[in-house]
Amino acid sequence: MAERSAETGLYAISVVAHLVGTGQQNIRLYERKGLLTPDRTSGGTRQYSDADLAVLKRIGELLDEGLNLAGVAKVLELEAANTRLRVELKRARSRLRDRSTGLAGSAGPRG
């Protein structure tokens, strides 16, 4: 059996609305505002992934904290940028560590 990604669309909008405790119209609005982009079947039916569910839950949290949709969009954008930067930093630190380990192992007497 093939493993599925958190990005694989699995859920219909009615299921997602129930799981996150919001209305289908709200979910469609979030999509129109560019806050999430569900997969679509060849017939155009939305299919939401586990990653989409996480975004919808985060949207709900931010709305509960008093942000409007423009504020939610900005926070989601900044959080995504922060995640990308953390990944880049981790890679850079790993490369630096690999280089310094390689240099330390190759340092020998000079003559």
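Good morning. Of the 14 residues in the largest nonpolar core, Ile27, Leu56 and Ile59 touch the most other members. A nonpolar core is here a set of buried Ala, Val, Leu, Ile, Met, Phe, Trp, Tyr and Cys residues joined through side-chain atoms within 4.5 Å. Helix H1 (13–20), H2, H3 and helix H4 (69–106) each supply at least two residues of this core. H3 gives the largest share, four residues.

The model is predicted: local features need pLDDT of at least 70, side-chain atom pairs count only at pLDDT 80 or more, and totals for chains, interfaces and linings use all residues. Residues are numbered from 1 along each chain as its sequence is written, and side-chain values use heavy atoms, with hydrogens and water left out.

Buried means under 20% relative accessible area, exposed means over 50%, and partly exposed lies in between, for a 1.4 Å probe and protein chains only. Helices (H or I, at least four residues) and strands (E, at least two) are DSSP runs, numbered from the N terminus. Contact, or touching, means heavy atoms within 4.5 Å.

Leaving out residues up to four places away in sequence, Ile59 touches Tyr30, Leu35, Val72 and Leu76.

Which residues of H1 are buried? They are Ile13, Val16 and Ala17. Seen down the axis of H1, these buried residues fall within an arc of 100°, so they line one face of the helix. The arc is that of the directions from the helix axis to the C-beta atoms. The buried residues of H1 pack against H2, strand E2 (46–47) and H3. After H1 comes Gly21, with a positive phi near 75°.

In helix H2, residues 24–32, the buried residues are Ile27, Tyr30 and Glu31. They sit on the same side of H2, because they cover an arc of only 100° around the axis. Gln25 and Arg32, on the other side of H2, are exposed. H2 is followed by Gly34, whose phi is also positive, near 80°.

Side chains of opposite charge can pair when their charged atoms come close. A salt bridge is counted when a side-chain nitrogen of Lys or Arg lies within 4 Å of a carboxyl oxygen of Asp or Glu. How many salt bridges does a search of the whole structure find? The search finds five.

Glu31, Arg40 and Arg46 are linked in a network of salt bridges. Glu31 is placed in helix H2 and has a relative accessible area of 17%, which means that Glu31 counts as buried. Its side chain makes a polar contact with the side chain of Arg40 at 2.9 Å. A polar contact is a pair of N or O atoms within 3.5 Å; within protein, one must be able to donate a hydrogen and the other to accept it, and residues adjacent in sequence count only if both atoms are side-chain atoms. Not counting residues up to four places away in sequence, Glu31 touches Leu36, Pro38, Arg40, Arg46 and Tyr48.

Arg58 takes part in two of the pairs I shall describe. With Glu61, Arg58 forms a salt bridge whose closest N and O atoms are 3.0 Å apart. Glu61 and Arg58 are three residues apart in helix H3, so about one helical turn separates them. Glu61 is partly exposed at 42% relative accessibility, and Arg58 is partly exposed at 24%. Arg58 also meets Glu79 in a salt bridge of 2.6 Å, N to O. This pair links distant parts of the chain, with Glu79 in helix H4 and Arg58 in helix H3, 21 residues apart. Glu79 is partly exposed, at 30% relative accessibility.

Lys74 and Glu77 form a salt bridge as well, at 3.3 Å, N to O. Both lie in helix H4, three residues apart, about one turn of the helix.

Finally, I consider Asp52, which lies in helix H3 (residues 50–64). Asp52 is buried yet has no salt bridge. How far away is the nearest side chain of opposite charge? That side chain, Arg46, is 9.7 Å away, where Lys and Arg count as positive and Asp and Glu as negative, with His and the chain ends not counted. Leaving aside neighbours within four places in sequence, Asp52 is in contact with Leu36, Thr37, Pro38 and Gln47.

Thank you for your attention.
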